[in-house]
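Please look through the sequence and the structure shown here before reading the briefing that follows. The points are grouped by topic, so that each can be traced in turn on the model.

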Amino acid sequence: MTVSFEPLPAIPLDSWRPTKETLHRFAQIVGKVALAKGIRRNHWWHMTYRLTARGWTTVPLGSARNGPVFTCAFDFFDHVLRIATDQGIEVEIDLIDQSVATFYGDVLHGLRDLDVDVVLAHPHPFDLPDARRPFEDDDEHRDYDPDKAQHAFRVQSQVGRILEEFSATYSGKISPVQLFWHTFDIAVQRFSPRHIELPDTVDSVTREAYSREVISSGFWFGDDKVPEPTFYSYTAPEPAGLAERPLTPAGAYWVASGAGHSAYYPYDTARATADPVGAALEFFQSVYANGAELAGWDADQLVCWGGITDPVLREKGWPEWPD
């Protein structure tokens, strides 16, 4: 039997909003474990998730000075959080039939069983409507539909491949393709070497995230402000005249965002094209080209088409690995 393949499956926000709201808080709980136990990396790269073929995983956490080393991985086929150590032991925590409060308790209990000592500095949601409510008191968010969670991951997986393909065209400093648990978006950031001086009033999270000039490209499922799944991109700091630049493909547009602008391209607009993947890549490249030109980046030196930096090999195409 032939199974039809859809590069970008439909995922209207309202089709899975209750599951999304619960899963977002699950992600924040484990993300805060990564924040507490990861080895700090520039721009907070130690606390984000990476995509696997089955879900999300933290980077390896813990220290060589006081183990164990461990990872926390969401599996959207078995519908568990799997916490595994370098000592060959693991615990599994169910995602189904859990409130945020019970999931939080199970995560802490599972870490203790693995001899992982962790204290969360702020054990409550970040930048969500219930940010003042501790995780241990949240019995409200308890919706987790396994089919909807798996479908949402499928969308993320496809978008992750698009962002990886886009990343392959850049040879400068670039982040991993990563899922940010605080905003629940998947993104990749391209940096220039230029340091950015931010006012003393800017919070420490923002200061580290934007300490270098950056062009960010990503996707989120939508929220109350943007109630549809959307590709996005922005340049920070924003160069003068950026929002006056035309965007491609058709359907991409600029919106006011904070003190600057972001470019949006609706996910469903891409889906309606003959080549949804190509349309998304065209959007990311369009925003990058505009931002890099106006910010004065040496785009010719930073280009890396097909993941190849050597000009001779680039002319020949994808090289065979030598025997």
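In this predicted model, F184 counts as buried, because its relative accessibility is 2% and the cut-off for buried is under 20%. F184 lies in the loop between strand 6 (178–180) and strand 7 (185–195), and it has a positive phi of about 65° although it is not a glycine.

**Backbone features in loops**

- Most residues other than glycine have a negative phi, and most peptide bonds are trans.
- D115 also has a positive phi, near 65°, and is a residue other than glycine; its place is in the loop between helix 2 (100–113) and helix 3 (146–167).
- D115 counts as exposed, because its relative accessibility is 63% and exposed means over 50%.
- The peptide bond from G67 to P68 is cis, with omega near 0°, and P68 is placed in the loop between strand 2 and strand 3.
- A cis peptide bond also leads from A236 to P237, where omega is near -5°, and P237 is found in the loop between strand 9 and strand 10.

- An open sheet is formed by 5 strands in the order 1-2-3-4-5, and the pairing is antiparallel.
- Its edge strands, each of which pairs on one side only, are strand 1 (50–51) and strand 5 (90–94).
- Strand 2 (residues 55–57) and strand 3 (residues 70–75) run antiparallel and are joined by 3 bridges; T57 has A73 as its bridge partner in strand 3.
- Helix 1 (residues 17–37) lies across strand 2, strand 3 and strand 4 (80–85), and it runs at about 170° to strand 3.
- At 1.5 Å a residue, helix 1 with its 21 residues should span 30 Å, and this agrees with its end C-alpha atoms, which are 30 Å apart.
- Helix 1 is mostly covered, since 15 of its 21 residues are buried.

- T58 lies in the loop between strand 2 and strand 3, and with a relative accessible area of 4% it is buried.
- If neighbours within four places in sequence are left aside, T58 is in contact with V30, A34, T48, Y49, T71 and C72.
- A250 has its place in the loop between strand 9 (230–236) and strand 10 (253–257), and with a relative accessible area of 69% it is exposed.
- Leaving aside neighbours within four places in sequence, A250 is in contact with Y265 and T269.
- The C-alpha atoms of A250 and T273 are separated by 9.9 Å, while the two residues are 23 residues apart along the chain.

**Aromatic rings and charges**

- A pair of aromatic rings is described by the distance of the centres and the angle of the planes.
- The structure holds 30 aromatic pairs.
- In the pair of Y288 and W297, the ring centres are 6.1 Å apart and the planes are at 70°, so the pair is edge-to-face, because planes over 60 degrees apart count in this way.
- Y288 is buried, with a relative accessible area of 6%, and W297 counts as buried at 9% relative accessibility.
- The charged end of R190 sits over the ring of Y288, at 4.4 Å from its centre.
- R40 lies over the face of W44, and its distance from the ring centre is 4.2 Å.

Technical notes: Residues numbered from 1 in each chain as written. Predicted model: local features only at pLDDT ≥ 70, side-chain atom pairs only at ≥ 80, totals over all residues. Heavy atoms only, no water. Pairing = 2+ DSSP bridges. Helix = DSSP H or I, 4+ residues; strand = E, 2+ residues; numbered from the N terminus. Contact = heavy atoms within 4.5 Å. Axes fitted to C-alpha atoms, helices over the stretch in contact; angles between N-to-C directions. Phe/Tyr/Trp six-rings, centres within 6.5 Å; stacked < 30°, edge-to-face > 60°. Buried < 20%, exposed > 50% of the residue type's maximum accessible area, 1.4 Å probe, protein only. Lys NZ or Arg CZ within 6 Å of the ring centre and 35° of its normal. Expected span 1.5 Å × (residues − 1).
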